[in-house]
Structures are given as C-alpha cells and as structure tokens.
Amino acid sequence: MKKIGTKTASTFVIANMIGTGVFTTLGFQLLSLTNPIYIALIWLMGGLAAFCGAIVYSELGAAMPRSGGEYHYLSVIYHPAVGFMSGWTSLIVGFAAPVALSSMAMSSYLCSIFPSIDKTVFAMVMLTLITLLHAINTHVGTKTQNILTTVKIAIILVFILAGLIVSPDGAANFDSMSEFKIGDVLSPAFAVSLIWVYYAYSGWNAAAYIAGDIENPRRNVPLALLSSTLFVIVLYLCLNMVFLRTTPVEEMVGQIEIGLISAKHIFGVKGGEIMGILITVMLVSSISSMVYVGPRVAVTMGEDYRLFGFLTKKNKNGCPSFAIWTQYAISSIMLLTGSFQLITQYTGIVLSFCALLTVGGVIVHRYRFPDVYRPYKTWAYPLPAILFCVIILWSIIYMMYNDYVVTFVDHTQDAPWTMILSFGTILMGLVFYGINKVYHSDFVE
C-alpha cells in the first residue's frame, strides 16, 4: 500500500481534532462558567495539555514507529495487559464513540435547518456512506480526506473573519470580565469544563495511530503532531471568542448547535442556515478521518492477539474492511442508544486516562530502554510530561467527584453513569485480555 506523507498525516490530525467538540461543547461549559476569561483559559489550558502531549507522543512515535498509538506504546512501556486495555478502549471509546457523537452533531445541525428530516435516520445513512468510502479503497479515502479537511479549514477561517467584522451582539458577555478571580480556576466547575475541552482537543495524537502508514514516520509523525496541534489551538481560541462576541450567552447555554446559533447572528437567518449546512460538511470530514484512523489500532491488536485476528483481514484494495465494519457496528449502537452529553463525558475521561498513562510513560520508557534510538526527544524533558499529567489528573478527579455529587448529594441522576461506563470499559479490556490468555494468544513486540 502506498504510504502517506506529512501533509496527509497532518490533515488526519486536524480533521480528528476539529469536529464535534468545538462546535458543541461551549453550551455545556456555559452551564457553570460564563466569564469569557475563564472560557479562554479553559481552551488555552486544554490546548497546552494537547501540545505537551503531542511533544511527548512525538518522541514515543519516533522511537516506536508502528501503528497503534497508545496500544503499542503501553504494551512496550508497561505490560501487554496495559496495552491491550488501551487498545480495547481505543476500539470502543477512542474512535467509535467520537464517530457516533459527530454523527449525532451532524444530524442535529442539519435537522435544525430541515426539521422534517429524521435525525437518527440521517446520521445512520451518512455514517454508512462514509464507512463504505473507506472500506472500499484506501487511496480514494485519503484523497477525499485531504479535500474535506481543506474545505473545513476554509469554512472556519471565513466564519472567524466574518465574526470579527459584524456587530457584536454578544458584547454584554464581556461585562463580567472584571469579576474574574484567579482562584476560581481551581474550582470544580473549571475542572469539569476542562474535560469538555479536552474532548474537543482529542485527536491531537491521530498521526501516532497510523505511523505504519506514514512515510519516514520517525521524522513525519512529530512534524504532523506538533504543527497540527499548534494550528488547531489558535483556531479554537478564535472560534470561541467569535461565539461569545456574536451571540448572547443565554442563547447558547446547554445547546449543542453552537455554530449554527452563532452563524445566524453573523450571517442572518438564511446565511446562518447556509453556514449550518457547511458545518455539517465539516463534521463529515471529522467522521471520515476517525473512520480511517480507528480501525488501524484494531488491525495492530489483531496482529498481536489471535482473539482479534479477524480484524486484520483486508480486501483486495488493502483496506482493513473487517476492522472498519466492526467500528461501524459499535458506533451505530452508541448512535442509536446513547445520550450526547453522557457519551462526551464518558469518552473524555477514558481517553484522558489512557493518554495520562502514555505521556507519563515517556519517563518509564527512558528508564527501561535507555539505549533505544530516539531521533526526536521531548523538549524541556520531563516538564511537558509532568504538566500534562497534572492537568489531566486534576480534571479526571473533579469529573469523578462531580459524578458522585450529582448522584448521591443532589440526586439529579439515578447512578454515577460516567464513572460506571468509564471504569467498566477499562475493566472489560482487562477481562478480554484474560480471555485471550486462556486461548494462548501470543503477544508480539
């Protein structure tokens, strides 16, 4: 199969990052935080965590240039069981859940404009078509991804520029800036909102999952990770400031279609609807990217464990069709049965936990394998790893605390579903690892 270059690898990273999160999560953040300074700090902190993570993954990816991302890294750094657990969560949560969320958001945007369209049916049809595209021919899928990502960036730039030119309908949102207190950054509300933001940044490590498909991965994986992450941080900050500048907070609180609501203030009702359709197209790019990247992790697991050997099967064009359709099945189940807010929180915690183990693992890897060739080394080592771990661990602890409070103190939900789903998924991975051991499957480093 023909390898992909830095440009295409970068488009996959950008497309994985810019998707559901930035166009939907602000409404949930505004439930507890409305000061623009807090919002900007949350997105900056999330971006800092993503960039620190990208710096560390660049070293790991260059030292271990094999597809699989965390699955491969953790198997080598700690133990095959830890890697298997991570690969399992990547299969269930890392890509299948975000694909389902992006499909939900895409249909939500379009059906807000055309109410007669059934949200679930539209989401399933689009997910099926995108999956077919990648399951038939890899070359066509990558070419389509390049085009979709270019269109996505152009739409966002137009949106940002227009939002800076029009009259600021959300000017009153900035009146609360004088009430900013640095101590509030340590509040539970800030930490919980950070999980939403971290979910929006998820995808910064996409190039690490497809290292085996990239030309000269020791050089191009770090280039793709770092350049794409920096680019997206700038776009995210600009987008959220445009949302706040153009739209009153009360219209966005708790809403999913933030981009559409803001677009109507920028371009008028008709123009906003057109922009809503374009945002739908942008989400197609995100779904396409995750449909391509996710199955590569499953294939790597299938190469190492006989229990998942069926996932390695490819069609005549070299596409891992079994892995692609397996991910499609999991995404479809989530799409048909899940809650957008619950799946987002659940996804954010599990992905954060796996990334936490991986980024902290660079210290362990240097200790255990001091003689490994490292063509790229973490800048200011070990500061980026420590900073990432502190930010992510802090937000995970507060999210778990929040889940406990709303269940057992406020009684606003009947069970701590975020914790149950998160730890249940992780433990299930370890159970399947044990089952695999019973069947005498072999791990291959």
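This is a predicted model: local features need pLDDT of at least 70, side-chain atom pairs count only at pLDDT 80 or more; totals for chains, interfaces and linings use all residues.
**Entry 1: α1 and α11**

I started with helix α1, which covers residues 6–17, and looked up how it sits against helix α11, residues 217–246. Their axes are 9 Å apart, and the angle between them is about 40°. Angles under 35 degrees would count as roughly parallel, so I wrote this pair down as oblique. I also checked the handedness, and α1 passes α11 in a right-handed crossing.

Which residues of α1 do the touching? I listed Thr6, Ala9, Ser10, Val13, Ile14 and Met17. On the α11 side I found a list that includes Arg219, Asn220, Leu223, Phe231, Val232 and Tyr236. Sorting the whole contact by class gave me nine nonpolar, six polar and one charged residues.

**Entry 2: α7 and α13**

Next I went to helix α7, residues 119–136, and helix α13, residues 258–304. Their axes come within 10 Å and cross at roughly 50°. That makes α7 oblique to α13. The crossing here is right-handed.

What does α7 bring to this contact? I noted Met126, Leu127, Ile130, Thr131 and His134. They meet Val284, Ile287, Ser288, Val291 and Tyr292 in α13. I sorted these by class too, and got seven nonpolar, three polar and no charged residues.

**Recap**

I have α1 with α11 down as a right-handed crossing, and α7 with α13 as right-handed too.

Note on methods. Residues are numbered from 1 along each chain as its sequence is written. Side-chain values use heavy atoms; hydrogens and water are left out. Axes are lines fitted to C-alpha atoms, for helices over the stretch in contact, and angles run from 0 to 180 degrees between N-to-C directions. Helices (H or I, at least four residues) and strands (E, at least two) are DSSP runs, numbered from the N terminus. Angles under 35 degrees count as roughly parallel, over 145 as roughly antiparallel, 65 to 115 as roughly perpendicular and the rest as oblique. A crossing is left-handed if the near helix is turned anticlockwise from the far one by less than a right angle, and right-handed if clockwise. Contact means heavy atoms within 4.5 Å. Ala, Val, Leu, Ile, Met, Phe, Trp, Tyr, Cys and Pro count as nonpolar, Asp, Glu, Lys and Arg as charged, and the others, Gly among them, as polar.
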